[in-house]
Amino acid sequence: MPPTIFVVNPGSTSTKIALFHGDHRQFDANLTHERSELNAFPCIIDQLEYRFHAITRATADARIDICAVDVYIGRGGLLKPLQSGTYAVNDRMLEDLQNMRYGSHACNLGAIIAHRLSVEYGKPAYIANPPVVDELMDEARYTGIPDIRRTCVFHALNHKAVAYLAAEQLGLDYNHANFIVAHMGGGVTVGAHLQGRVVDVNNALEEGPFSPERAGNIPTGQLVELCFSGRYTKNEMKKLLVGHGGIFAYTNSTDMKSLVARADQEKDID
């Protein structure tokens with residue numbers, strides 16, 4: 001019998017959940033979180049109870065029995081660089097995520113929530129293809145400043161899933177084919193997949209296109225001037241680049257559907 005799997009995918013302003021029986025999706029929901037509610041929490045880890053209760057409410061409303069599954073799997077968080085694959089949640093992983101040793105992002109909550117369900121219901125917890133999957137070719141790590149090297153943080157879970165799906169639809173073997181994959185969400189990453197390995201991709205937290213909440217690539221000279229202008233602290237600058245940058249900096253919103261609808265409405269009025 002194929003296993004029953006409960007999946008938790010925390011994002012910057014939403015938590016996606018799904019129930020699978022083998023490859024068949026039996027239930028899914030996108031739990032959106034108002035930014036005003038999330039801003040009430042000093043740091044990402046403080047959102048744990050808020051998001052966990054949102055999950056239990058949603059599954060209860062849908063009459064989904066999350067204790068009667070075989071496996072819990074959470075979106076992987078910011079950990080040390082790892083090879084692509086599936087990993088059992090362990091104490092060291094949880095400690096690094098809770099202490100934000102390698103960075104702070106909502107994805108850190110995926111393994112923590114999966115582990116909490118695992119403890120409550122006695123089933124195993126895993127993560128798969130966390131954003132720190134690192135398959136970069138050596139040349140891709142160099143920058144124009146020797147003191148700065150590119151690091152690999154991207155939407156590996158979605159990149160790999162989409163590439164495998166595309167390969168299947170095209171009758172190809174992902175591990176012997178080449179793809180360019182773009183993930184478009186709160187952050188945007190574009191990666192070169194070379195015979196099963198993502199050999200070059202922009203860092204989702206430091207590089208890449210302008211996105212709903214990230215500043216992306218910006219003129220470096222002006223950035224240096226702004227950093228030393230005295231207008232912002234170090235932490236405020238980091239928030240301006242990731243979280244409060246991009247579309248959010250202009251509109252105070254990351255809800256692209258409502259922003260596009262508003263733009264269309266204003267266009268009709270004109």
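How many salt bridges does a search of the whole structure find?

## Basis and total

The search finds 10 salt bridges, a salt bridge being a side-chain nitrogen of Lys or Arg within 4 Å of a carboxyl oxygen of Asp or Glu. This is a predicted model, in which local features need pLDDT of at least 70 and side-chain atom pairs count only at pLDDT 80 or more, while totals for chains, interfaces and linings use all residues. Residues are numbered from 1 along each chain as its sequence is written, and side-chain values use heavy atoms, with hydrogens and water left out.

## The pair in helix 4

Arginine 116 and glutamate 120 form a salt bridge whose closest N and O atoms are 3.5 Å apart. Because the two residues lie four apart in helix 4 (residues 108-121), about one helical turn separates them; helices here are DSSP runs of H or I with at least four residues, strands are runs of E with at least two, and both are numbered from the N terminus.

Arginine 116, at 22% relative accessibility, is partly exposed, and so is glutamate 120, at 42%; this class lies between buried (under 20% relative accessible area) and exposed (over 50%), with a 1.4 Å probe and protein chains only. Glu49, Arg116 and Glu120 are linked in a network of salt bridges.

## Buried pairs

Glutamate 135 and lysine 160 form a salt bridge with the closest N and O atoms 3.1 Å apart. This pair links distant parts of the chain, 25 residues apart, with glutamate 135 in the loop between strand 6 (125-128) and helix 5 (156-170), and lysine 160 in helix 5. Glutamate 135 is buried at 5% relative accessible area, and lysine 160 is buried at 4%.

Arginine 141 and aspartate 134 are both buried, and their side chains meet in a salt bridge at 2.9 Å, N to O.
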